[in-house]
Amino acid sequence: MTSTHSNRWLLLLTVGAGLLLITLDNSVLYTALPTLTRELGASAAQGLWIINAYPLVMAGLLLGAGTLGDRVGHRRMFLVGLVLFGLASLCAAFAPSAGALIAARAFLAVGAAAMMPATLALIRVTFEDERERNIAIAIWGSLSVVGAALGPIVGGFLLGHFWWGSVFLINVPVVVVAFFATLVVAPKIAGDPSQPWDVVSSLQALVALSALVIAIKEMAHAGSSWVTPVAAFGIAVVAATVFTRRQLRMTYPLLDFSIFRNNAFLSGTFAAAFSLFAIGGVELATTQRFQLVEGWTPLEAGLLVSIAALGSLPTAILGGAYLHVIGLRFLIAGGMAVGSVSILLATYGIDHGLGWLIAGLFLMGAGVGACMSVASTAIMGNAPVHRAGMASSVEEVSYEFGSLFAVTILGSLLAYLYTVNVILPDGSPIIASDNMAAAIEAANAMAGGGNSLRSAASTAFDNAYIVVLYTAAAVLAAGSVVTAVLLRDYGPGSESSAYQTVH
């Protein structure tokens with residue numbers, strides 16, 4: 001299969017549709033969460049797990065799925081993933097309880113994990129010309145940002161016109177179209193059956209990541225008992241150690257650690273994780289803030305955070321097109337630096353007008369878009385083609401890791417800071433200190449509308465929101481410094497890929 005294949009751009013469109021589904025389902029519940037919590041009677045912990053189950057399971061399975069794709073073929077993995085994703089979407093749409101929805105979201109993640117490495121690996125093996133491949137991967141990367149931004153909009157629109165299950169049911173027709181399109185346009189490149197598939201390592205990775213997330217989440221609510229977070233962290237350390245030792249002994253490891261010696265590859269993984277952490281956290285906190293404090297509809301809140309995607313699209317495409325001129329260093333490190341400063345600008349808008357917040361979100365998208373568009377190129381271009389599945393898995397684990405920890409750390413931080421800092425007026429029910437949604441319900445039930453309670457809760461939530469944004473800005477700033485050092489030899493005109501052609 002060569003880059004002159006007439007279907008290569010149609011292939012990009014098809015796998016892009018699959019990627020949009022995957023990333024959209026990562027963020028579609030940001031605006032839907034208050035509705036889901038109310039309709040299903042979910043607790044605050046269940047609400048976080050409704051969101052977390054999807055990226056958590058997917059991140060744990062991605063490495064195994066990518067290696068399996070190298071073995072059985074990425075076209076086959078993409079098709080299987082589409083089928084699983086469609087079935088899981090149906091289960092989620094008609095889930096009768098919060099627990100059932102969490103299970104359906106985990107099932108959805110299995111399909112996404114099968115699909116996601118295949119999307120980027122198929123691009124890698126189909127586009128041989130480096131500049132064409134850079135543009136294709138940049139488009140792929142921009143779709144990740146668009147999907148993340150479209151999630152809140154799609155969720156908000158559907159919730160305004162249909163029942164909550166429609167946010168999952170919308171996936172089904174896209175899955176059907178993408179499935180038949182894949183049969184027509186995807187290259188039939190056989191996998192390498194000599195490469196074994198190690199399900200044990202995949203499960204070890206899943207256990208390690210799951211335990212780590214539980215530990216961090218429980219730390220925010222540990223109170224006087226630290227048994228659960230300490231135990232979970234211990235399990236994470238043990239599982240990660242066992243996983244690492246197993247990889248170092250294997251001829252065909254699930255994760256070849258030697259690949260991280262390449263500074264461009266390592267910088268790409270850092271950039272993916274830091275960028276998704278920041279953009280995911282800002283989107284989650286912003287949609288929650290404007291719904292709960294300002295009383296916006298889910299659609300209005302979704303449209304607000306979509307401004308970041310508008311900012312990212314031009315810089316993502318231009319970054320891929322001119323990577324060979326500008327170089328990885330300026331696009332990755334510089335993009336994160338712009339994103340960091342822009343988030344600080346957005347915080348200014350809380351007290352000084354919505355225009356400042358909109359400008360900050362747009363510029364954040366521009367910076368992160370430039371960074372993310374070439375982070376994928378830095379990863380895929382610095383791994384051999386026969387390990388394209390593994391490389392794409394590392395790239396997507398980085399994205400999922402960033403998104404997952406945005407929800408876990410920043411979501412928990414938002415809730416924790418509200419709880420410890422809210423000062424309830426006399427006569428307010430104690431439940432109002434649990435979360436902002438509970439405070440609003442309590443205020444609505446009080447005589448006179450509970451204006452003093454509403455004001456106190458809003459002040460506490462806004463203070464927590466600003467701290468969350470500062471944290472996201474600090475993470476991007478740290479990422480900018482780290483990658484600037486790692487990429488000191490990747491300035492203007494430098495080569496971004498160690499493997500230029502298909503071998």
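**Exercise 1.** Which residues make the nonpolar surface patch of about 690 Å²?

*Solution.* Begin with the ground rules. This is a predicted model, where local features need pLDDT of at least 70, side-chain atom pairs count only at pLDDT 80 or more, and totals for chains, interfaces and linings use all residues. Residues are numbered from 1 along each chain as its sequence is written, and side-chain values use heavy atoms, leaving out hydrogens and water.

Next, the rule for a patch: its residues have over 30% relative accessible area and no salt bridge, and nonpolar side chains (Val, Leu, Ile, Met, Phe, Trp, Tyr) are joined within 5 Å. A salt bridge puts a side-chain nitrogen of Lys or Arg within 4 Å of a carboxyl oxygen of Asp or Glu. Areas follow the Shrake-Rupley method with a 1.4 Å probe.

Now read off the members: V83, L87, L90, F94, F157, F162 and W163. Helix α4 (residues 74-93) gives the largest share, 3 residues; helices are DSSP runs (H or I) of at least four residues.

**Exercise 2.** Decide whether F94 and A370 are buried or exposed.

*Solution.* First, the cut-offs: buried is under 20% relative accessible area, exposed is over 50%, and partly exposed is in between (1.4 Å probe, protein chains only).

Second, locate F94 in the loop between α4 and α5 (98-126). Its relative accessible area is 55%, so F94 is exposed.

Third, find A370 in helix α16 (residues 354-380). A370 is buried because its relative accessibility is 10%.

**Exercise 3.** Find how far A370 is from A215.

*Solution.* Along the sequence, they are 155 residues apart. In space, the C-alpha to C-alpha distance is 33 Å.

Definitions and conventions
Patches are made of residues with over 30% relative accessible area and no salt bridge: like charges are joined within 9 Å, nonpolar side chains (Val, Leu, Ile, Met, Phe, Trp, Tyr) within 5 Å. Helices (H or I, at least four residues) and strands (E, at least two) are DSSP runs, numbered from the N terminus.
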